[in-house]
Amino acid sequence: MNKDIAQKALETAMSCGASGCRVTLSESTQTSISYLNGEIEKLQESTSTALGIALFTEGRYGAFSTNRLEEDELRPFIQRCISSCRLLAPDKCRTLPDPSLYYRGGRPDLGQCDTNFSRIPFKAKTDILEATDAEVNKSDSRVISTACDWDDCLRSDYIIDSQGLEAEASSTFYSVSCECTVRGHGEARPQNNWFEGSLFFDRLPSGCGRTAYERTVPMIEARKLSSGKYNVVLENTVSAKAVSAIISALNGSALQQRNSFLLDSLGKRLFPENLLITDNPLIPGRTGSGYFDSEGAATCERDIIRDGVVRTYFLNTYFANKLGMPRTAEDAYAVCFPRNSGLGLEEILRQTGSGVLITGFNGGNSNPVTGDFSYGIEGWYFENGQRLYPVKEMNLSGDFISFWARNILIGNDPISFMQWQIPTLAFEGADISGI
Amino acid sequence: MRITLSPFYLTSKMSTPTIDTSYYSLFGIEPDDARRLLSAALSKGGDYADIFCEHTVNNELSLRDGEVNSVRSNIDFGVGIRVLSGDRTGYAFSESTRIEDLLKAASTAAEIARDTSSKVSLPEDCTPVDFINHYPLLSELSGWERHTVEEKKDYLLMLRNMIRQASERVINITGRIGDQQTRILFFNSLGQCYTDLRPMALMSATVVMQEGSRMENFYASKSYRKGFDFLSQELVQALADDVVEGCNRLFEASRPPCGEMPVVMGAGGSGILLHEAIGHSFEADFNRKGVSIFSDRMGKVICNPDINIVDDGTLPYFRGSVNVDDEGVPGQKTYMVRNGILNSYLHDRISARHYGVAPTGNGRRESFRYMPIPRMRSTYMENGPATEEDLIRSVKKGIYVDNFANGQVQIGAGDFTFYVKSGYIIEDGHLTRPIKDTNIIGNGPEALAAITGVAGNLIVDDSTWTCGKGQYCPVSCGMPSVLVSKLNVGGINE
């Protein structure tokens, strides 16, 4: 990474009249390989560099980016950006962060970057794809197609500002996925997929193709249930849906614009009193861990919900200034449920008794102001903890506050490589529309 | 304001462009360089190669808390090089146009080929692709790069004032003007080349309103492939009316009852039904791989013979229009369904070759960072014989829907959904209480076959529709009012 580009951009911005400036230089190197039915179908390799410039000029603000990094293009670009900013209305809340909040370095490595990234041979990647494809039971005449994808990425970020901030971080990620398509009844061709990921090449699990096949074939017999109230269990692959709505509603932008169903919720008990949701981006080796955010502020562990009480809003510098509150964090980076039932999926199904195990969402949305939601779902109908038959083409509707009030179980089984560690979650009495 | 299809638009100003040679210097690539790169791309074999050069400038101006106080701009520049070898694709891009960097990208893309040498004979000269310009700038002054923040911000302040004047319930307004100007220079191994200037404009508004303790929000947008003339008092007034009326209606609305019921889909944005329920399933890459629920239905009756469904890249100034697609095929109008029969898939060059048909101009990509794949453009159903009143009158108990947020489809199973922001209950043939926030789910072939009435009031919606298929593309969708006899409505068990 050529850090001089960032330094030069910062100097240029300040010399052209900016009163404050933050520059972020990002580089990424990626490989994508697609296999279709055991044969290579697509290959893509690329390297990208982007420069982001946040300009603060006489109380005015603009955010700019470019991948034209030659000096003869960069300087006029920055000059035009500053000219644009000067035409805006001033906004005294647009400031760089308090420098005392900056990450100053010196902490132990968080284990986010595989130093062998550039040394992984192409064949090692195609070998994984071939093995993944081979895991699908090709002797099953119902199998129409298997599509396996490999993706890897090395990303580096370097961030500096006019208050002396300087921080950098790199991360790698490898993933392999498999999608199976099988012949169903009539013209239907049910599909399902599975994926595995890892920060490190040598920790990438196998078994992706087999899991994809095993999740696809039963869907041939999927049917619809009668409309009614059902217990629902959100599998760990999809349970983040129930959490992301809370995080979005606690975001400074939504709160400041009064576009949130958790307006004025700080310190209030709105969730079950045993509920504990935290954000901890400081765990070594976990996807999403990092010592600083995009403003360069140091991250820390914080409670989001504790004992059912809302404990934080997610406020960057701007929205903290707007709301007259202390800056917290821009976003939730590594959500987890430290307090849980200690149960895995099968035991949660058994304790829940009967209902719908949701393994996939199909579209839908929510109303940010009211918290009302309606999502398409598929999965399994279960009784006495046993899966009886797959279900599809139904809707789950409700509102998030009432939905969480009927939370009955929290599992201990988040997917290890996911940035948000959201386990299986069980709720009672949810509205499902079917036939 | 919604723009209907009309003869006025179909006869608006057109011109036949040739190569704009200023693009050679913009990208630093002359035809001779392109020929050298194509030769390198095909050095290890392959049937076809192309070079896609892109320069895009994006700007965004925002209204927040009553003031225009934030601006964003982005420049994206690069070259994508692609090699096709049978159904296989090799791809690489470079953000530098130094010849050594481009040759490296060509060499990477070439790795897909399995032959030792290409049988492709590169033509000596490049011939401009002949196409009609469906989104010409009205004048040189119309280009976005000639206009400053100062000129644009007046329209956001106008929007603020119109919304404030329209309702005392308004407690918050955010507004946005986005403009984009993309320049494309393209060469391929068939000896074709083109340059294309692609403008894009959008304006959006979100309001939050309060009445007592109850709060609601609503979002509306307008988007066209236009220059600065996109902005007008009429456009701003239409946007303000849409967002205020839409939000006001929500205060009277509640969740609908759930279950399967007839659904009358109002003209315009209901085109999301076509986009999700069948449009994606007609994209030929899915059919070529045998994973679409329509893979074996070509030439067969799939719905009422009164129904014609089109994917059209030629609607003047619409968001989904393409002069020429991202692999050098002119934009065109493609009948996917004609008289109820599946007539054509939407093809890129790979699928067209696979099926032995001509490409349909649907090979599109988000940017030079992506390889082109079959994508929709403006997808709509042509008019039918009924009236919207006929359709509503025929429903004893069901819903009418006319405003949508998003949709999704599972290609193989054919299950699709779309999220309804607002609509009405239909009782005994009349619209009664407003409804909101419900997801509708159905199965594509079943829903298409369940369209029992089509009105003659086609509207192609002008909202900011963007389609995601691993990469994003601007699209349009439209529909006359239709009656679908049975869909699953997400709601509350009564």
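1. Let me start with helix H5 of chain B, residues 149-166, in what is a predicted model. Its 18 residues should span 26 Å at 1.5 Å a residue, and its end C-alpha atoms are 26 Å apart, so the two agree. The expected span here is 1.5 Å times one less than the number of residues. Helices (H or I, at least four residues) and strands (E, at least two) are DSSP runs, numbered from the N terminus.

2. Residues are numbered from 1 along each chain as its sequence is written, while chains are lettered from A and ligands numbered from 1 in the order in which they are written. Because the model is predicted, local features need pLDDT of at least 70 and side-chain atom pairs count only at pLDDT 80 or more, whereas totals for chains, interfaces and linings use all residues.

3. Which residues of H5(B) are buried? They are B:Lys152, B:Lys153, B:Tyr155, B:Leu156, B:Leu159, B:Arg160, B:Met162 and B:Ile163. Buried means that 20 or more other C-beta atoms lie within 10 Å of the residue's own; 12 or fewer makes it exposed, anything in between partly exposed, with C-beta atoms placed from the backbone. The buried residues of H5(B) pack against strands E1 (48-64), E2 (67-85), E5 (170-188) and E6 (192-211) and helix H6 (233-250) of chain B.

4. B:Val207 touches, among others, B:Ile163, B:Val170, B:Phe218 and B:Val243, leaving aside residues up to four places away in sequence.

5. Chain B is assigned domain 1 (7-250) and domain 2 (259-489), the bounds coming from an automatic or database domain assignment. Their centres, taken over C-alpha atoms, are separated by 23 Å. The contact takes 40 residues from domain 1 of chain B and 29 residues from domain 2 of chain B, where contact means C-beta atoms, placed from the backbone, within 7 Å. The domain 1 side divides into 17 nonpolar, 13 polar and 10 charged residues. Ala, Val, Leu, Ile, Met, Phe, Trp, Tyr, Cys and Pro count as nonpolar, Asp, Glu, Lys and Arg as charged, and the others, Gly among them, as polar.

6. Chain A is assigned domain 1 (3-219) and domain 2 (222-435), with 24 Å between their centres over C-alpha atoms. Here 23 residues of domain 1 of chain A are in contact with 21 residues of domain 2 of chain A. Strands E4 (143-161), E5 (166-182) and E6 (191-198) of chain A each supply at least two residues of the domain 1 side.

7. E4(A) also deserves a look for its pairing (at least two DSSP bridges between strands). E1 (residues 20-36) of chain A and E4(A) run antiparallel, joined by 15 bridges, with A:Arg22 partnered by A:Asp161. E4(A) and E5(A) pair in the antiparallel sense over 17 bridges; their hairpin has 4 residues between the strands, and A:Gly164 takes a positive phi near 100°.

8. Finally, chain B has an open sheet of 6 strands in the order E11-E10-E9-E14-E22-E19, with mixed pairing. Its edge strands are E11 (341-342) and E19 (459-460) of chain B.

Technical notes:
Two residues are in contact if their C-beta atoms, placed from the backbone, lie within 7 Å.
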